[in-house]
Amino acid sequence: MLSVLDIFRVGVGPSSSHTVGPMRVAARYRQRLIKKELTEDAAPERIEMVFRGSLAFTGEGHGTFRAAKLGLLGFKPETIQMDEAEVALSALTDSGSLPDGTEVIVTIDYETPTRLHPNELEMIASRDGEIIDSRTYYSTGGGFIASHAQLSKPSPDDLVHVGDASPFPFGSAEELLQICARENQSICNIILANEDAKRPRQKTIARLDRIAAVMMESVDRGLNAQGLLPGSLKVRRRAAGLWTKLNSAPPNEREALFDWLNVYAMAVNEENAAGGQVVTAPTNGAAGIIPSIIRHYCHDEDGTMQTEQTRRFLLTAGGIGLLYKQRASISGAEMGCQGEVGVACSMAAGGLCAVWGGTPEQVASAAEIGMEHNLGLTCDPVAGLVQIPCIERNAIGAVKAANAARLALHAPGQMIVSLDQVIETMRQTGLDMSSKYKETSQGGLAVNVIEC
């Protein structure tokens with residue numbers, strides 16, 4: 001089984017699939033060339049990166065080509081220092097070559113159909129005009145990447161791998177709930193037990209705390225940053241202004257809950273749009289929903305984080321995210337925005353329900369409600385930028401998540417629609433959705449806003 005720490009990854013904006021993924025692909029390919037131990041005489045003179053599908057159509061706005069170059073330079077999303085990276089990227093831009101003299105070519109291929117996934121990146125190394133190595137990769141959402149060989153392997157019928165070391169492997173929400181009932185444990189504790197099989201518990205806890213800290217840092221930066229976001233749309237940051245207003249004269253009306261959830265979610269996604277450090281939750285485009293819920297519901301009035309509540313939230317939400325990753329997809333290029341904001345809303349709803357003391361069945365119901373009312377949500381970023389409608393969409397998703405958790409807690413009994421059924425519905429809907437509504441900026445708002 002995957003780990004919840006695979007769902008929550010520290011990276012940089014504006015997109016996990018179009019920025020983080022390509023950076024990881026290029027870094028991996030560079031390491032591949034090094035491991036092949038090419039002699040100096042046979043070392044590549046040129047590396048060509050061919051971007052296809054959604055990576056081609058929205059790559060410019062998503063910073064895809066820039067990110068891939070940084071990957072070739074050896075930078076990784078988790079550890080990148082932006083000042084150092086900018087200097088190295090500037091040198092590459094000026095010279096057209098890596099420090100060792102290898103020429104770097106970017107090719108944007110709009111015509112060739114992608115094969116196994118809409119986010120396709122082919123890496124080609126050549127010398128004396130002859131190809132000496134090539135490999136095709138796919139960025140599959142949430143920062144996950146796979147080679148063509150890896151992605152073309154047939155999946156087993158059972159999503160739980162034989163020989164999995166996890167003490168409680170599960171391939172569906174139904175199986176997870178059965179385990180919880182049999183063991184008389186919460187979803188959080190079952191997920192944590194599975195994580196124990198992967199690493200010492202103290203390391204898991206430390207990484208969860210680090211994830212929460214990075215999330216809150218992105219909230220804080222967004223609450224205090226002003227000005228225009230990068231890109232042609234000239235979108236003005238709004239979170240800082242709303243934050244000042246909320247703190248100068250805290251509103252008394254009941255609707256103020258919306259303002260607090262909105263400001264935290266928008267703060268994160270404005271940071272993401274600016275290329276700042278965020279946590280995939282489960283993607284960059286949906287990175288504001290879970291931090292918003294944590295900030296509002298897992299902190300004391302003085303701003304102190306409730307550590308145990310936050311860990312419970314992340315483990316529960318992460319377990320729900322694993323179901324979507326294993327049974328469907330968290331890629332906007334495959335599922336539309338239902339696979340990003342929809343999944344984040346579902347994860348946040350389940351996590352919050354757990355924090356509020358919900359049973360495993362209520363947690364699953366909250367997650368189901370969170371997705372049910374995001375089904376069919378399209379991914380149509382205007383100008384290929386992760387700004388419109390993405391920033392406001394995170395704010396709406398955070399409010400939906402809190403409401404879904406409340407509805408689940410107040411439900412009289414077992415809900416008619418199960419979490420497994422809504423995940424399968426999302427998968428089918430994503431497969432049926434036109435490609436122009438799946439992170440290609442060829443339909444929806446992306447077309448009509450520009451035309452108007």
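The model shown is predicted: local features need pLDDT of at least 70, side-chain atom pairs count only at pLDDT 80 or more, and totals for chains, interfaces and linings use all residues. Residues are numbered from 1 along each chain as its sequence is written, and side-chain values use heavy atoms, with hydrogens and water left out.

View 1. Contact in general means heavy atoms within 4.5 Å. With neighbours within four places in sequence left aside, Asp109 is in contact with Val50, Phe51, Arg52, Gly53 and Ala56. Asp109 counts as buried because its relative accessibility is 14%; buried means under 20% relative accessible area, exposed over 50%, and partly exposed in between (1.4 Å probe, protein chains only).

**View 2. Helix H5, residues 64–72.** Seven of the nine residues of H5 are buried, so this helix is largely enclosed by the rest of the structure. The buried residues are Thr64, Phe65, Ala67, Ala68, Leu70, Gly71 and Leu72. H5 is followed by Gly74, which has a positive phi near 100°.

**View 3. Helices H9 and H10.** H9 (residues 187–196) and H10 (residues 201–224) have axes that come within 9 Å and cross at roughly 120°. H9 is therefore oblique to H10. Axes are lines fitted to C-alpha atoms, for helices over the stretch in contact, and angles run from 0 to 180 degrees between N-to-C directions. Angles under 35 degrees count as roughly parallel, over 145 as roughly antiparallel, 65 to 115 as roughly perpendicular and the rest as oblique. The crossing of H9 and H10 is right-handed; a crossing is left-handed if the near helix is turned anticlockwise from the far one by less than a right angle, and right-handed if clockwise. On the H9 side, Leu192, Glu195 and Asp196 meet Arg201, Thr204 and Ile205 of H10. The residues of this contact divide into two nonpolar, one polar and three charged. Here Ala, Val, Leu, Ile, Met, Phe, Trp, Tyr, Cys and Pro count as nonpolar, Asp, Glu, Lys and Arg as charged, and the others, Gly among them, as polar.

**View 4. Helices H12 and H18.** H12 (residues 256–273) packs with H18 (residues 390–410) at an angle of about 140°, and their axes are 8 Å apart. H12 is therefore oblique to H18. Their crossing is right-handed. From H12 the contact takes Phe258, Leu261, Asn262, Ala265, Met266, Asn269, Glu270 and Ala273; from H18 it takes Ile391, Asn394, Ala395, Ala398, Val399 and Ala402. Ten of the residues in this contact are nonpolar, three are polar and one is charged. An α-helix has 3.6 residues a turn, so residues three or four places apart point the same way.

**View 5. Val355 in helix H16.** H16 spans residues 341–355. Val355 is buried, with a relative accessible area of 10%. Not counting residues up to four places away in sequence, Val355 touches Cys298, Gln309, Arg312 and Phe313. Val355 and Ala398 are 43 residues apart along the chain, and their C-alpha atoms are separated by 15 Å.

**View 6. Two cis peptide bonds, at Pro282 and at Pro389.** The bond from Ala281 to Pro282 is cis, with omega near 0°. Pro282 sits in the loop between strand S7 (277–280) and helix H13 (289–297). A cis bond also joins Ile388 and Pro389, with omega about 5°. Pro389 lies in the loop between helix H17 (360–372) and H18.

**View 7. Positive phi at Asn184 and at Ala383.** Asn184 is not a glycine, yet its phi is positive, near 55°. Asn184 is in the loop between helix H8 (173–183) and H9, and it counts as exposed at 68% relative accessibility. Ala383, also not a glycine, has a positive phi of about 60°. Ala383 is in the loop between H17 and H18 and counts as partly exposed at 36% relative accessibility.

Note on methods: Helix = DSSP H or I, 4+ residues; strand = E, 2+ residues; numbered from the N terminus.
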